[in-house]
Amino acid sequence: MTAPLKATAALVTALLLVLTTAAPAQAATPATKAPVAGTLRPYDVSGVYVAGVSSGGYMATQLHVAYSSRIRGAAVFAAGPYYCAQNNVAQALDGCGDNVYPTNVPALQAYTRTWASYGWVDPVGNLSGDPVYVFHGNGDTVVRKSVTDDLVRYYQHFGASVQYDSGSPAGHAWVTPYGTLGCAVTASPFLADCGTDPQNALLRKLLGSVRAPNTGPLGGSLIRFSQHTYAVNGWAPGLSMGADGFAYVPASCAAGRSCRLLVALHGCLQGHGAVGTAFVDRANLNQYADTNDLIVLYPQASTAATNPNGCWDWWGYLGATNYPIKGGAQLETIMNMVRRLDG
């Protein structure tokens, strides 16, 4: 890993610096599908949810808060409260990572209420009763537990139904039975095996119940589609997003059955440009999708001069202050994908 850069790059380096490369002796190998070039099309979608890790966790909360009339719940790994960075790199680094500066949850809640009154985000009343699953590993030294505690407090203030999993020894990672790293390891590709299945817990929380995952060959299709089609500027790299995104569509959903949609957001250094389809293949979501009539959308962030580690924009690196509200470039691009799938 190269030495930390200055200013903006210091944030992404601190948030997802590769601390070690140790891995388990044998990582479980999931059944996978080779991506097939295609396009997104409408399906019979009965509900939309979002999940993410690290910068993807922050983006997940931005999507949920901005569009709570459409997005019914969120699962957040290793991240803090909505608008934590407040368009400030120093606050993002020292407040939303190490918690040197307080995150000031009451102020963030006040921003949310004010912006809802302007129509910049959906009414906060929509969050009341929404299912929210929050995960923080005790081995995570990138985003401190106190920051994730503030995420829980933020959601609870608006009446969300929060399940907080904070007992794992995990490092800064998406924890999955198909992780290639030891539980406490923080390293690329940030997929850790802790001998647990948080995806079962998060899907039970979001969906109310869940059937056992498909442990055999996958029956659906992994579609590789152009993100340019949905980019608000028509050119995804201009938004620090990859040319292509992915969507896993179970055969049942393709055949017309009513399905739910989960938007799954990778973290920094975890997009296709950095680790290929590791997150798509090993997140343990496609396996559950097959047996639970669940479409999984995998939007892709990419590197840029102001975003060398391919993070999602949760502190304003694109240069616009509207990144966490309706009209934010990445937020609206992802929502354009959701609107297409949701018919």
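**Exercise 1.** Is T176 buried or exposed?

*Solution.* Start with the ground rules: this is a predicted model, where local features need pLDDT of at least 70, side-chain atom pairs count only at pLDDT 80 or more, and totals for chains, interfaces and linings use all residues. Residues are numbered from 1 along each chain as its sequence is written, and side-chain values use heavy atoms, leaving out hydrogens and water.

Step 1: Recall the cut-offs: buried means under 20% relative accessible area, exposed over 50%, and partly exposed in between (1.4 Å probe, protein chains only).

Step 2: T176 has a relative accessible area of 0%, so T176 is buried.

**Exercise 2.** Find which residue's backbone oxygen the side chain of T176 reaches.

*Solution.* Step 1: Look in the loop between β6 (174–175) and β7 (181–182), where T176 lies.

Step 1: From there, the T176 side chain reaches the backbone oxygen of R282 at 2.7 Å.

**Exercise 3.** Describe the salt bridge between R153 and D150.

*Solution.* Step 1: A salt bridge is a side-chain nitrogen of Lys or Arg within 4 Å of a carboxyl oxygen of Asp or Glu. Here the N to O distance is 2.3 Å.

Step 1: Both residues lie in helix α5 (residues 145–157), 3 residues apart, about one turn of the helix.

**Exercise 4.** Which residues are linked with R257 in a network of salt bridges?

*Solution.* Step 1: R257 meets D293 in a salt bridge (3.4 Å, N to O).

Step 1: The network links R211, R257 and D293.

How values were computed: Helices (H or I, at least four residues) and strands (E, at least two) are DSSP runs, numbered from the N terminus. A polar contact is a pair of N or O atoms within 3.5 Å; within protein, one must be able to donate a hydrogen and the other to accept it, and residues adjacent in sequence count only if both atoms are side-chain atoms.
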